[in-house]
Amino acid sequence: MGVTQMTDDLVARTETDPETLTDGFHLLIDALKLNGVETIYNVPGIPITDLGRYAQAQGMRVLSFRHEQHAGYAAAAAGFLTKKPGVCMTVSAPGFLNGLTALAHATTNCWPMILISGSSEREVVDLQRGDYEEMDQLAIARPHAKAAYRILHAEDIGLGVARAVRAALTGRPGGVYLDVPGALLGQVMDEVEGSKSLIKVVDPSPASVPSPEAVDRALDVMKNAKKPLIIIGKGAAYAQADEKVKELVETLGFPYLPMSMAKGLLPDTHPQCASAARSLVLKESDCVFLIGARLNWLLSHGEGKAWGEKGAKQFVQIDIEPNEMDSNQPIAAPLIGDIGSCAGALLEKIRGNWEKPSEEWTGAVRSKVEANIERMAPRLKNNNSPMDYQGSLGVIKDLIAENPDTVLVNEGANALDQCRSIVDIHKPRKRLDVGTWGIMGVGMGSAIAAAVETGDQVLAVEGDSAFGFCGMEIETVCRYNLPVCIVIMNNNGIYRGDGENWSGGEDPSTTVFVKDSKYELMMQAFGGVGVTADNPDELRQAIKEAFASRKPTLINAIIAEDAGKESGNIGNLNPSSVVAQNRYPQAKNI
């Protein structure tokens with residue numbers, strides 16, 4: 001039977017016997033469900049509005065956001081939390097571009113995510129005939145995703161979804177783009193044949209075991225170290241090999257530094273945790289063992305003043321991606337494989353026969369940690385009004401310790417840097433923040449995903465600037481009645497609220513917001529709880545009430561305008577102007 005005859009036959013059956021048919025809408029939903037996708041984060045619109053409705057009707061949870069970027073950030077965070085591809089669904093062209101930012105974010109962070117976007121038909125796009133929201137989305141997505149695919153025929157939907165799932169999860173995880181032309185969704189085919197065309201992906205992230213030679217080499221390097229250090233990255237948290245990593249760290253006995261989203265893999269209060277002695281251990285260590293961490297800008301590429309004498313360290317690194325090795329520093333002992341397999345192989349070789357580092361080294365690190373914690377303690381107990389970062393975050397530190405299952409979401413400049421160093425995390429994957437790019441605007445998407453995927457209470461600590469990128473999603477929080485408490489560190493500006501217009505003109509400084517903004521009224525407008533906290537005691541009470549009620553809550557935490565510093569802890573990345581130092585006296589104060 002020819003294609004034309006088959007099409008005519010199906011069209012006739014839609015009128016006479018539609019129950020024997022399926023279509024692109026339902027095949028896509030069935031393919032996602034077959035592969036374990038339970039939740040879709042989306043913004044409805046042409047051509048995917050009905051796709052969301054039908055998915056909801058078929059028992060999937062479909063959460064609609066106010067902006068595609070935040071739906072995408074939610075999907076990316078879901079991928080990190082669940083080890084399954086988080087799915088974001090957008091409309092074509094501008095909606096696709098909004099979601100693409102989040103897809104690139106997922107790829108950069110090595111989290112599995114699938115962005116599904118409606119698109120125009122190929123024959124219109126290729127001839128540039130000016131279709132509604134015309135764009136060659138597949139070509140645009142490719143540089144920013146681990147993989148990108150387009151589905152043109154209903155019978156290929158099962159294959160397309162399977163390809164996307166496997167690509168997102170196999171090896172180093174990442175973001176995958178799936179292009180879905182509008183006409184595809186309405187295509188019909190025989191329901192039985194359609195069911196046969198679906199594919200359930202088997203073992204999409206198989207174990208990757210390091211070679212025995214690599215394991216021996218790594219242990220030899222670490223045995224000879226006098227001042228060893230472990231750095232644990234968010235890749236280790238994503239791996240969910242928590243017990244193996246904990247056993248390995250404790251067996252080796254090395255001090256360790258957790259990167260921000262690896263905090264809690266071992267409790268930050270663990271005796272081997274060296275976070276409060278970061279400067280000491282980075283500078284003085286002679287061997288650094290990287291577990292799911294990369295020597296990128298977040299670690300100054302493993303070089304510079306913070307790392308001490310150049311060439312004085314040997315590096316051991318676990319990563320599933322071979323090309324990661326030697327990307328910034330020579331890796332003396334690369335371990336290529338997944339973290340669980342590598343940790344297990346190392347433990348098997350050690351077999352209880354391991355000499356831990358000397359007390360001279362570990363004792364010096366511990367003494368430095370204790371001294372720094374003791375020195376900071378009084379600053380975390382102040383009850384200043386307006387608040388500073390130390391007093392407000394001291395409250396949050398205590399409440400997280402009392403409620404360790406709470407997921408802490410954190411973004412901003414000073415709000416991020418100070419929170420990361422002050423607030424201890426006690427369990428794995430209980431901290432979500434700006435990730436590898438250090439971007440703004442992930443807060444509300446991450447908070448929504450955390451509440452949906454875990455069911456736990458979420459506490460989002462937001463700089464007032466960071467909140468501005470995603471604040472409208474508090475309506476989404478309220479609409480779905482999620483247990484999210486948002487604390488806005490409000491100092492009336494970007495970095496600080498006391499900036500001046502250097503021209504002397506009437507416009508405010510480029511870094512200053514409306515003074516005394518009533519963010520809490522935004523939450524009240526959508527039916528949530530909105531309150532103001534002027535001092536740490538009020539902040540403590542407000543957070544406790546939010547945790548007890550599990551109601552959507554926003555706390556406008558009033559921070560002193562002069563609290564914080566320019567660009568937080570990465571002000572060194574700002575280029576400097578020799579001309580400005582002579583032309584503008586104010587520049588000398590930054």
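This is a predicted model: local features need pLDDT of at least 70, side-chain atom pairs count only at pLDDT 80 or more; totals for chains, interfaces and linings use all residues.
Me: What is the volume of the largest cavity?
Reply: The structure holds one cavity of 30 Å³ or more. The volume of the largest cavity is about 80 Å³.

Me: Which helices each supply at least two residues of the lining of the largest cavity?
Reply: The lining of this cavity comprises 13 residues, and Ala 413, Asn 414, Gly 463, Asp 464 and Tyr 495 lie nearest its centre. By class, the lining has six nonpolar, six polar and one charged residues. The helices that each contribute at least two lining residues are α18 (414–422) and α20 (464–470).

Me: How many charged residues are in the lining of the second largest pocket?
Reply: The second largest pocket has a volume of about 530 Å³. Its lining is made up of 17 residues, with Gly 499, Trp 502, Thr 511, Glu 566 and Ile 590 closest to the centre. Five nonpolar and seven polar residues belong to that lining, and the number of charged residues is five.

Me: Are α17 and α18 roughly parallel or oblique to each other?
Reply: Helix α17 (residues 389–402) packs against α18 with the axes 10 Å apart and at an angle of about 50°. Angles under 35 degrees count as roughly parallel, and 65 to 115 as roughly perpendicular.

Me: Which residues of α18 make the contact with α17?
Reply: The crossing of α17 and α18 is right-handed. On the α17 side, the contact is made by Tyr 389, Gln 390, Leu 393, Gly 394 and Lys 397. The residues of this contact divide into five nonpolar, four polar and one charged. On the α18 side, the contact residues are Asn 414, Ala 415, Gln 418, Cys 419 and Ile 422.

Me: Why are α4 and α19 oblique to each other?
Reply: Helix α4 (residues 68–82) and helix α19 (residues 443–454) have axes 7 Å apart. Angles under 35 degrees count as roughly parallel, and the roughly perpendicular range is 65 to 115. The two helices pack at about 45°, so their relation is oblique.

Me: At roughly what angle do the axes of α2 and α3 cross?
Reply: Helix α2 (residues 24–34) and helix α3 (residues 49–57) have axes that come within 10 Å. α2 passes α3 in a right-handed crossing. The two helices are oblique because their axes cross at roughly 50°.

Me: How many nonpolar residues are in the contact of α2 with α3?
Reply: From α2, the contact is made by Phe 25, His 26, Leu 28 and Ile 29, and from α3 by Asp 50, Leu 51, Tyr 54 and Ala 55. One polar and one charged residue belong to this contact, and the number of nonpolar residues is six.

Me: Where is Pro 47, and what is omega for the peptide bond from Ile 46 to Pro 47?
Reply: Pro 47 is placed in the loop between β2 (39–42) and α3. The peptide bond from Ile 46 to Pro 47 is cis, with omega near 5°.

Me: What is omega for the cis peptide bond that joins Ser 385 and Pro 386?
Reply: Pro 386 is found in the loop between α16 (359–376) and α17. The bond joining Ser 385 and Pro 386 is cis, and its omega is about 0°.

Me: Is phi of Asp 203 positive or negative, and what is its value?
Reply: Asp 203 lies in the loop between α10 (191–196) and α11 (212–223). Asp 203 is a residue other than glycine, and its phi is positive, near 50°.

Notes. Residues are numbered from 1 along each chain as its sequence is written. Side-chain values use heavy atoms; hydrogens and water are left out. On a 1 Å grid over the protein atoms alone, a cavity is a set of points where a 1.4 Å probe fits but cannot get out, and a pocket is an open set with protein on both sides within 12 Å along at least five of seven lines; lining residues have an atom within 4 Å of a point. Grid points are joined across faces, edges and corners, and a volume is the space filled by probe spheres set on the points. Helices (H or I, at least four residues) and strands (E, at least two) are DSSP runs, numbered from the N terminus. Ala, Val, Leu, Ile, Met, Phe, Trp, Tyr, Cys and Pro count as nonpolar, Asp, Glu, Lys and Arg as charged, and the others, Gly among them, as polar. Axes are lines fitted to C-alpha atoms, for helices over the stretch in contact, and angles run from 0 to 180 degrees between N-to-C directions. Angles under 35 degrees count as roughly parallel, over 145 as roughly antiparallel, 65 to 115 as roughly perpendicular and the rest as oblique. A crossing is left-handed if the near helix is turned anticlockwise from the far one by less than a right angle, and right-handed if clockwise. Contact means heavy atoms within 4.5 Å.
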